Amino acid sequence: YVLASARYFKMAAVSERTKLVASWHALFRKGTDFDSWGQLVEAVDEYSLLIRKIKKELQSEEHNLSKQEHATLQNVVDCLQARWKAVQSQSGNDGLTLEQLKTVGPVLENLLTNSDSEFPIKAAELEHLNNEGGSSNPTGGYNTDSSGSESPHLRDRRRLRPRLPIADDMTVLTIRIERIGLKDASQCIDPYISVSVKDAQAVDLTPSQDTDVPTTKDNQYVIFNTNVEIQQYLEKLPRTAAVFFEFKHYKPKKKLTSTKCFAFMEMDEIKQGPACLEIYRKPTDFKRKRLGLLTTKPLYLYLNLILHRN
């Protein structure tokens, strides 16, 4: 009975590892597909997500990786980071090419059955590629502590994105987040705002973005003065869509980042110039059905909307 139980748990562990590696390979394929189609924003998203997931496993104290599997996964991460940098260079050809990255796919797919195979890209070349062009962070972090190291609870945030190119008969929206009014603004630790666009069923219509942590706040306002570029032309968004703004901050005692409140702007509210949005208490209701104001005090999220047309 003991031997049978041990065999069962071993088989279950192997099955979980197989599923995990398969999920990694699916993300890898999705990223390289976007990359090959020229959808570089989406490719960067998939690469960043895969890097985070593999790093999480590498740093886990409970992983069952062999030394060779660990080394192979670290090489995969290095390749993804190198390709991420190449894509960010906009030409997409400076650094690790898509063709080079694709050679890593079979290695990742067969990690558990053929981990002893030689990695297709030399370690020295990877080190050279990742040392070029500074230390951009593909996992989405922005802020660092006083020693220059990134604060751990900020590492998984999603980076701000560049403005969409101007197209004929299309409107690009830039939202300047100026400030948010809160009665305890000065007490918020590492606050930032997550911006997303969702339809009436709470389905994402664009990639989410997180602002930098602001350096200015007083007793009543957290001041951002940050531009967020919405990643879809307004004409291509359904009329039932809305832009959401979730105010988040760090809670040291719980060691987690929490959503404090949120605001949203519906499509018919998008007009050139200043905007002032009511602030609602959490949890964020992306379907906009059960809304409760955060406070009865006249505190709002202040924005400035800029519409770009050809």
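**Salt bridges**

Select Asp 35 and Arg 83: the two form a salt bridge, with 2.8 Å between the closest N and O atoms. The term means a side-chain nitrogen of Lys or Arg within 4 Å of a carboxyl oxygen of Asp or Glu. Asp 35 sits in helix α1 (residues 2–36) and Arg 83 in helix α3 (residues 67–88), so this pair links distant parts of the chain, 48 residues apart. Helices (H or I, at least four residues) and strands (E, at least two) are DSSP runs, numbered from the N terminus. Asp 35 is buried at 6% relative accessibility, and Arg 83 is buried with a relative accessible area of 4%. Buried means under 20% relative accessible area, exposed over 50%, and partly exposed in between (1.4 Å probe, protein chains only).

The model is predicted: local features need pLDDT of at least 70, side-chain atom pairs count only at pLDDT 80 or more, and totals for chains, interfaces and linings use all residues. Residues are numbered from 1 along each chain as its sequence is written, and side-chain values use heavy atoms, with hydrogens and water left out.

Next, select Arg 161 and Asp 45, whose side chains meet in a salt bridge of 2.1 Å, N to O. Arg 161 is in the loop between α6 (123–131) and β1 (171–181), while Asp 45 is in helix α2 (residues 40–59); the pair links distant parts of the chain, 116 residues apart. Arg 161 counts as buried at 5% relative accessibility, whereas Asp 45 counts as partly exposed at 27%.

Then go to Lys 260 and Asp 184, another salt bridge, at 3.1 Å from N to O. Lys 260 lies in strand β7 (residues 256–266) and Asp 184 in the loop between β1 and β2, so the pair ties together parts that are 76 residues apart in sequence. Lys 260 is buried, with a relative accessible area of 19%. The structure holds nine salt bridges, these among them.

**A loop residue**

Select Leu 205, in the loop between β2 (189–198) and β3 (209–210). Leu 205 is partly exposed, at 28% relative accessible area. Leaving out residues up to four places away in sequence, Leu 205 touches Val 197, Lys 198, Asp 199, Leu 237, Pro 238 and Ala 241; contact means heavy atoms within 4.5 Å. Now set a distance from Leu 205 to Val 243: the two are 38 residues apart in sequence and 9.7 Å apart in space, C-alpha to C-alpha.

**Cysteines**

Select Cys 79, which is buried at 0% relative accessible area, then Cys 276, which is partly exposed at 44%. How many disulfides are there? The count is zero, a disulfide being a pair of cysteine sulfur atoms within 2.5 Å.

**Whole chain**

Finally, show the whole protein as a cartoon: there are six helices and 10 strands. Buried residues make up 44% of the 310 residues. Among contacts between residues at least 6 apart in sequence, 67% join residues at least 24 apart.
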